[in-house]
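The following note sets out numbered points on selected residues and surface patches. Please read each point against the coordinates.

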Amino acid sequence: MAVQKVFKRYEYKYLLTREQKELLQNVMEEYMIPDEYGKSTICNLYFDTPQYLLIRRSIENKVYKEKVRLRTYGRAEPAGEAFIELKKKYKKVVYKRRICTEYEKAIQYLCRGERVVGESQIGEELDYALRLYQGIRPAMWLSYEREAFYGKEDHELRMTFDQNILWRTEDLDLSSPIYGRSLLDEDQSLLEIKVGHAIPLWLSHFLTENKMFRTSYSKYGNAYRTLLREDQLVIVNT
């Protein structure tokens, strides 16, 4: 039976230099511990319509955003663990529905419409999204190296550092080698703070004192903007 998870939280993002990251991680030792994955390479396959409707709406709409993606930790194996995710953001609150299944089954479901992930409320929401977005298909491969932590006392507090963010629009297979174009400079990392309520005082004070300011940053969105600037998008009108 597939493992299912539902997340509801606030997410805040910061672009850090190598020095800022090291400074923050030194302070975190008192409050945070590595999570079950610790350091990992995360591979994602983002799904979109031929008109790139999901990412266009995500960029244009500040109130509601929605993404459909497939995620594995490291390169996928046919019978290996994969996560089908429906991620929504409404009025700054992030909601994520997640089903764990085998990679091969996930591809059968997402790409060929075969009902192989079992019946569930989350499955029904995914079914609806796939029906709603006509022609949805793999649109972008994206990976990054992540260090993940959670709070010693507050397990809802999670902090992740993403580096070496790579993306491509060809070879859209999570079992393929990890390669692509880079989104960040070599000494940059993307910090994501994920909380159920407010950022803890120790962290808020640290960010303020060290002039680390919140930013709006979407990995898929920034790669899509790069394609727009380079006039490389082929948008199919129906």
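1. Lys89 belongs to strand 4, which spans residues 81-90; helices (H or I, at least four residues) and strands (E, at least two) are DSSP runs, numbered from the N terminus. Lys89 is classed as partly exposed because its relative accessibility is 29%. The classes are buried under 20% relative accessible area, exposed over 50%, and partly exposed in between (1.4 Å probe, protein chains only).

2. The model is predicted: local features need pLDDT of at least 70, side-chain atom pairs count only at pLDDT 80 or more, and totals for chains, interfaces and linings use all residues. Residues are numbered from 1 along each chain as its sequence is written, and side-chain values use heavy atoms, with hydrogens and water left out.

3. Leaving aside residues up to four places away in sequence, Lys89 touches Val63, Tyr64, Lys65 and Val94, where contact means heavy atoms within 4.5 Å.

4. Patches are made of residues with over 30% relative accessible area and no salt bridge; like charges are joined within 9 Å, and nonpolar side chains (Val, Leu, Ile, Met, Phe, Trp, Tyr) within 5 Å. Accessible areas come from the Shrake-Rupley method with a 1.4 Å probe, and for residues only the protein chains shown count as cover. A salt bridge is a side-chain nitrogen of Lys or Arg within 4 Å of a carboxyl oxygen of Asp or Glu. Tyr64 lies in strand 3 (residues 64-73) and, with a relative accessible area of 32%, is therefore partly exposed.

5. Which residues form the negative surface patch? They are Glu19, Glu22, Asp185, Glu186 and Asp187. Lys and Arg count as positive and Asp and Glu as negative, while His and the chain ends are not counted; the place of a charge is NZ of Lys, CZ of Arg, CG of Asp or CD of Glu. Glu22 is located in helix 1 (residues 18-28) and counts as partly exposed because its relative accessibility is 44%.

6. Tyr52, a residue other than glycine, has a positive phi near 55°; Tyr52 sits in the loop between strand 2 (32-48) and helix 2 (53-60), and is buried because its relative accessibility is 8%. Lys211 likewise has a positive phi, near 55°. Lys211 occupies the loop between helix 5 (201-209) and helix 6 (219-229), and its relative accessibility of 58% is why Lys211 counts as exposed.
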